[in-house]
Amino acid sequence: AVQAVSEAIALDPSNAVLYSNRSGAYLAMSHVSKAFKDAEEAVRLDPTWPKALARRATAEHALTRFITAQATWRKALQLDPGNEAYEKALQAAKDGEAQQTKERIEDEKRKEREAEEKRRRDAADEAKRREDARNEEQLKDFFGVLEDDKVQRARKKKLETNPITEKYQKQKLGKGADHVARLTDKHAQFKNLDPFRVLVLDTDATPDDIKNRYKKMSVLCHPDKNGGSDQAKQAFEAVKDAYARLSDEKKRDRTILVIEGARERCRQERAFKLSKGADPATLPPEEEALQKEVAKTFAQNEMKRRDVEEHNRVQQQRERDQAAEAEKKEADEKLFEKQWNTDDRRGARVGMWQDFQDDKKRSANVKRQRTAVNFKREEKQETKKKYGEWDRESWRRDWK
């Protein structure tokens, strides 16, 4: 149709009807832009023809130009008043404009919601990034003083008497809030690895000193004495863990060995620096250096312990996976063997062999006769059961 009308337009290019008809054909083919151009040309050639205006309005509607489509339909109704088709098309253009406005508003709201969600996600990601950076910086500050040191020193065990040391009896412990803050400050999880530091004792403390100090510290750090705060609960748990470690003789001796080894290592390093001409004023105070070295040693031991635990966990998981895989493989093999060796399949194989032996066409074969001289077909031998003996598999055959 488009080709025929185009040939007619070539012969009569000033005919508005031909452009209107080709516009309708283009609309049927969904070539909306071409239909609109032909409708425009038809209106230009005959502005007073309602159908040309209707063609243009229809093309504008298809192009979702609802406002201009309404104006065109109104012009068509002015030329052809009371046309129901034009009035319905005008109402459809109004409905299309309303729907388009509604969709545009919903789309704007959706974009605003997505932009708000994106801002929230970006803010949350930025806060998390800052928190991670702050935590990493804190760990870096603490582990910056840690050095890999594998020195182990033995300590001669002294005869241990058990009197209450006078200096610990007279020692003033201060307020409970101070101890709560000390046991929950920055890097407390690593600093509290030293149970003597938690209980404010030295390695010369006797078991009775440790017991008495635990009673005093548990009272000072008890949550009921500190308003039930989470920091007080954390400090109280640290005191209990320290006492549990020092109550065990083996753990206490091992802890003392670690502390004394770290102190001896720190003193030797300090003496070496002084022997090389270092100015004592440039070195940190000896007590502070000893505390840092002890904290470093405990932190190193803790990190090594965690590494060993993680390695053991991974190894155990690997062994469990291998065992499960072996069990599954064995079960699959047993299932395959069971399915392969079913009575029906075995019976079918035996039946095929017997049919081959009974084949009459092969019985006249001379070579087969020579080889079958001593051949005897195998038959199932039924043995007479003894008195009281029964067939254990008979129920299977009966059931089948």
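**Figure 1. Getting to know the predicted model.** Averaged over the protein, the pLDDT is 79, and 78% of the residues score at least 70; pLDDT is the predictor's confidence in each residue, on a scale from 0 to 100. Over residues 150-162 the pLDDT is below 50, and this stretch has 19 contacts in the model beyond near neighbours in sequence. A contact here means heavy atoms within 4.5 Å. This is a predicted model, so to speak of local features a pLDDT of at least 70 is needed and side-chain atom pairs count only at pLDDT 80 or more, while totals for chains, interfaces and linings use all residues. Residues are numbered from 1 along each chain as its sequence is written, and side-chain values use heavy atoms, with hydrogens and water left out.

**Figure 2. The whole protein at a glance.** The protein has 18 helices and zero strands. Helices (H or I, at least four residues) and strands (E, at least two) are DSSP runs, numbered from the N terminus. Of the 400 residues in the protein, 25% are buried. Buried means under 20% relative accessible area, exposed means over 50%, and partly exposed is in between (1.4 Å probe, protein chains only). Take the contacts between residues at least 6 apart in sequence: 60% of them join residues at least 24 apart.

Figure 3. Helix α8 covers residues 176-183, and its residues G176, H179, V180 and L183 are buried. Seen down the axis of α8, these buried residues fall within an arc of 105°, so they line one face of the helix. The arc is that of the directions from the helix axis to the C-beta atoms. A177 and D178, on the other side of α8, are exposed. What covers the buried residues? The cover includes α9 (188-191), α10 (195-198), α11 (207-220) and α12.

**Figure 4. K240 in helix α12.** Look for K240 in helix α12, which spans residues 230-247. K240 is partly exposed, with a relative accessible area of 32%. Now find P195: K240 and P195 are 45 residues apart in sequence, and their C-alpha atoms are 9.6 Å apart in space.

**Figure 5. Two aromatic pairs.** A search of the whole structure turns up two aromatic pairs. Rings of Phe, Tyr and Trp (its six-membered ring) pair if their centres lie within 6.5 Å; planes under 30 degrees apart count as stacked, over 60 as edge-to-face and the rest as tilted. W73 and Y86 form a tilted pair, with 5.4 Å from centre to centre and 45° between the planes. This pair links distant parts of the chain, as W73 is in helix α5 (residues 66-79) and Y86 is in helix α6 (residues 84-143), 13 residues apart. W73 is buried at 6% relative accessibility, and Y86 is buried with a relative accessible area of 11%. How are the rings of Y214 and Y243 arranged? Their centres are 4.2 Å apart and their planes are at 15°, so the pair is stacked. Y214 in helix α11 and Y243 in helix α12 are 29 residues apart, and their pair links distant parts of the chain. Y243 counts as partly exposed, at 23% relative accessibility.

**Figure 6. A charge over a ring.** The charged end of R65 sits over the ring of F36, 5.0 Å from the ring centre. The rule asks that NZ of Lys or CZ of Arg be within 6 Å of the ring centre and within 35 degrees of the ring normal.

**Figure 7. Two cysteines.** A disulfide is a covalent bond between the sulfur atoms of two cysteines. Here a disulfide is counted as a pair of cysteine sulfur atoms within 2.5 Å, and the count comes to zero. C221 is buried, at 0% relative accessibility, and C266 is buried at 9%.

Figure 8. S23 lies in helix α2 (residues 16-28) and is buried, with a relative accessible area of 0%. Leaving aside residues up to four places away in sequence, S23 touches A35, D38, A39 and R55. S30 is in the loop between α2 and α3 (32-45) and counts as exposed, at 58% relative accessibility. Phi of S30 is near 65°, a positive value in a residue other than glycine.

**Figure 9. V200 in a loop.** V200 sits in the loop between α10 and α11. Phi of V200 is near 55°, a positive value in a residue other than glycine. V200 is partly exposed, with a relative accessible area of 25%.
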